[in-house]
Amino acid sequence: MRLNLVIPSLLLYFFFGAAHADEASLRKALEVSFPGEKIESVKKTPYLGLYEVVVGGELFYTDEKVSYLFLGHVVDPQTKESLTSERLQQVKDARRIDTASLPLEHAIKAVRGNGKRKLVVFSDPNCPFCKRLEKELTNVSDVTVYTLLYPVLRGSLPTATAIWCSPNRLKAWEDFMLRSIAPPGKTCETPMDTLIEVGQKNGISGTPTLIFPDGSIAPGMIPAATIEKRLSAASVK
């Protein structure tokens with residue numbers, strides 16, 4: 001279950017079942033309410049006796065008995081700034097994905113320069129921002145790029161399949177993304193189901209999504225200069 005936080009006003013969802021006002025009990029109640037979802041954090045807020053809950057990288061609030069879920073923004077009346085947005089950004093910045101946990105054996109691997117640095121990219125062949133990212137990546141040196149096909153857009157699966165089933169996957173990928181040359185329409189056994197499952201498990205909600213050596217995440221297209229800086233920073237940690 002994904003929670004859409006792009007909501008203009010504060011909404012209430014009623015849940016049955018009480019819990020004691022401690023974080024451990026709240027977590028247990030939330031796990032019952034959100035089966036299969038990862039409860040990342042539960043913490044008391046300084047306002048209205050509410051608790052902040054982070055599930056799957058998204059943030060909402062609840063009361064001490066988990067009777068209600070509050071979705072929306074808490075706003076500082078003095079500064080008119082959203083405390084929720086500020087906190088959500090902190091949560092996103094702190095997120096990490098261990099690259100060792102990803103199925104890199106199913107990646108399309110491109111070695112540039114000495115290839116010492118590692119960059120993992122979840123990418124959809126029909127995503128225009130992914131194509132722009134590929135052009136930016138040609139300007140990044142001394143890196144090994146592991147592209148995990150993530151065909152989540154409508155109509156992307158056949159193209160991703162054709163690329164994977166090509167005799168030279170890297171060439172087929174670069175031909176399509178950089179030169180708009182369609183791959184031969186071959187089919188074969190692919191790891192797409194596994195890659196989509198892994199992406200969803202790790203909260204990859206859009207493409208492209210970049211994962212740096214320290215596990216930090218950058219959703220969306222970012223320029224080569226920014227990639228270079230983040231690679232350098234992540235490599236020294």
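Figure 1. At 63% relative accessibility, Ser180 counts as exposed; the term exposed applies over 50% relative accessible area, buried applies under 20%, and partly exposed covers what lies in between (1.4 Å probe, protein chains only). The loop between α5 and α6 holds Ser180. Helices (H or I, at least four residues) and strands (E, at least two) are DSSP runs, numbered from the N terminus. Phi of Ser180 is near 55°, a positive value in a residue other than glycine. The model shown is predicted: local features need pLDDT of at least 70, side-chain atom pairs count only at pLDDT 80 or more, and totals for chains, interfaces and linings use all residues. Residues are numbered from 1 along each chain as its sequence is written, and side-chain values use heavy atoms, with hydrogens and water left out.

**Figure 2. Val66, a buried residue with positive phi.** Val66 belongs to the loop between β4 and β5. Its phi is near 55°, a positive value in a residue other than glycine. With a relative accessible area of 2%, Val66 is buried.

Figure 3. Helix α1 spans residues 23-33, and its buried residues are Ser25, Leu26, Ala29 and Leu30. Seen down the axis of α1, these residues fall within an arc of 135°, so they line one face of the helix; the arc is that of the directions from the helix axis to the C-beta atoms. An α-helix has 3.6 residues a turn, so residues three or four places apart point the same way. The exposed residues Ala24 and Lys28 are carried on the face of α1 turned away from its buried side. Among the elements that cover the buried residues are β2 (39-44), β3 (51-55), β4 (58-62) and β5 (68-71). Contact here means heavy atoms within 4.5 Å.

Figure 4. A nonpolar core is a set of buried Ala, Val, Leu, Ile, Met, Phe, Trp, Tyr and Cys residues joined through side-chain atoms within 4.5 Å. The largest one has 27 residues, and those with the most contacts inside it are Leu102, Val120, Phe122, Leu148 and Leu149. At least two residues of this core come from each of β7 (117-123), β8 (143-149), α4 (156-164), α5 (169-179) and α6 (192-201). Helix α5 supplies the largest share, four residues. A second, separate core of 16 residues includes Val140, Leu210, Ala224 and Ala234. Leaving aside residues up to four places away in sequence, Phe122 touches several partners, including Leu102, Leu148, Tyr150, Leu195, Val198 and Ile211.

**Figure 5. The cis peptide bond between Thr207 and Pro208.** Thr207 and Pro208 are joined by a cis peptide bond, with omega about -5°. Pro208 is found in the loop between α6 and β9 (209-211), and Thr207 is found in the loop between α6 and β9. Thr207 is buried, with a relative accessible area of 16%. Not counting residues up to four places away in sequence, Thr207 touches Phe122, Ser123, Asp124, Cys127, Cys130, Tyr150 and Val152.

**Figure 6. The disulfide of Cys165 and Cys188.** A disulfide is a pair of cysteine sulfur atoms within 2.5 Å, and by this rule the count comes to one. Cys165 and Cys188 form the disulfide, their sulfur atoms 2.0 Å apart. Cys165 lies in the loop between α4 and α5 and Cys188 in the loop between α5 and α6, so the pair ties together parts that are 23 residues apart in sequence. The torsion about the S-S bond is about -95°, so the disulfide is left-handed. Cys165 counts as buried at 12% relative accessibility, whereas Cys188 counts as partly exposed at 39%.

Figure 7. Two packed helices are described by the angle between their axes and the distance between the axes. Axes are lines fitted to C-alpha atoms, for helices over the stretch in contact, and angles run from 0 to 180 degrees between N-to-C directions. Helices α4 and α5 pack at an angle of about 140°, with their axes 8 Å apart. That makes α4 oblique to α5; angles under 35 degrees count as roughly parallel, over 145 as roughly antiparallel, 65 to 115 as roughly perpendicular and the rest as oblique. Thr159, Ile163 and Trp164 in α4 meet Arg169, Ala172, Trp173 and Phe176 in α5. The axes of α3 (residues 128-137) and α5 come within 9 Å and cross at roughly 105°. That makes α3 roughly perpendicular to α5. In this pairing, Cys130, Lys131, Glu134 and Lys135 in α3 meet Trp173, Phe176, Met177 and Leu178 in α5.
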